[in-house]
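Please read the numbered points alongside the coordinates.

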Amino acid sequence: AIMAEAQVSGAAATYSCVQDGWPGTGNISTNPSFAGAPGNLRLTALSPCVDTGDPAATIPPGALDLDGT
C-alpha cells in the first residue's frame, strides 16, 4: 500500500511505504520510485518497495498485476 500525506486518525498500516513514516511492521519511509508519477504509479525495477510486502501474504490462483504477470 502506498499512502502520501496521510491525515488520518486511528489508521493502521503494515508493509507499506508511507511518506514521513508511519508505525507498523515492515513499513518504510522512502521515495517509492514510481515509473512516471502522477499518471504511471508502477514501481521501477530499482524501487525500494519491490518485494517488500507481507511475507505471509498469499496470492490467489490466477491473480495478475497491472502488467498481466
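1. Cys 49 is buried, at a relative accessible area of 13%, where buried denotes under 20% relative accessible area, exposed over 50%, and partly exposed in between (1.4 Å probe, protein chains only). The closest cysteine sulfur to that of Cys 49 belongs to Cys 17, 3.7 Å away, which is too far for a bond. Cys 17 also counts as buried, with 5% relative accessibility. A disulfide would require the two cysteine sulfur atoms to lie within 2.5 Å, and a search of the whole structure returns 0 disulfides.

2. Basis of the values. This is a predicted model, in which local features need pLDDT of at least 70 and side-chain atom pairs count only at pLDDT 80 or more, while totals for chains, interfaces and linings use all residues. Residues are numbered from 1 along each chain as its sequence is written, and side-chain values use heavy atoms, with hydrogens and water left out.

3. Confidence. The mean pLDDT (the predictor's confidence in each residue, from 0 to 100) is 85 for the protein, and 88% of the residues score at least 70. Confidence is lowest in β1, with a mean of 54, and highest in β2, with a mean of 92.

4. Secondary structure. The protein has 0 helices and 4 strands; helices (H or I, at least four residues) and strands (E, at least two) are DSSP runs, numbered from the N terminus. Along the sequence the pattern is β-β-β-β. Strand β3, residues 34-36, runs antiparallel to β4 and is joined to it by 2 bridges, two strands being paired if DSSP finds at least two bridges between them. Phe 34 has Leu 43 as its bridge partner in β4. The hairpin formed by β3 and β4 has 3 residues between the strands.

5. Of the 69 residues, 12% count as buried. Considering contacts (heavy atoms within 4.5 Å) between residues at least 6 apart in sequence, 12% join residues at least 24 apart.

6. The loop between β1 and β2. Ser 16 lies in this loop, between β1 (2-3) and β2 (17-18), and is buried at 4% relative accessible area. Its side chain reaches the backbone oxygen of Thr 14 at 3.0 Å. This is a polar contact, defined as a pair of N or O atoms within 3.5 Å; within protein, one must be able to donate a hydrogen and the other to accept it, and residues adjacent in sequence count only if both atoms are side-chain atoms. Tyr 15 is found in the loop between β1 and β2 as well, and is partly exposed, at 27% relative accessibility.

7. Positive phi angles. Which residues deserve a backbone check? Tyr 15, although not a glycine, has a positive phi of about 50 degrees. Asp 51, likewise a residue other than glycine, has a positive phi near 60 degrees. Asp 51 is placed in the segment after β4 (40-43) and is exposed, at 78% relative accessibility.

8. The loop between β2 and β3. Asn 27 belongs to this loop and is buried, with a relative accessible area of 16%. The Asn 27 side chain reaches the backbone nitrogen of Tyr 15 at 3.0 Å. Not counting residues up to four places away in sequence, Asn 27 touches Ala 13, Thr 14, Tyr 15, Ser 16 and Trp 22. Thr 25, in the loop between β2 and β3, is in contact with Thr 14 and Tyr 15 once neighbours within four places in sequence are left aside. The C-alpha atoms of Thr 25 and Thr 14 are 5.1 Å apart, with 11 residues of separation in sequence.

9. Asn 31. This residue lies in the loop between β2 and β3 and is exposed, at 55% relative accessible area. The side chain of Asn 31 reaches the backbone nitrogen of Ser 33 at 2.8 Å. Asn 31 and Cys 49 are 18 residues apart along the chain, and their C-alpha atoms are separated by 8.8 Å.
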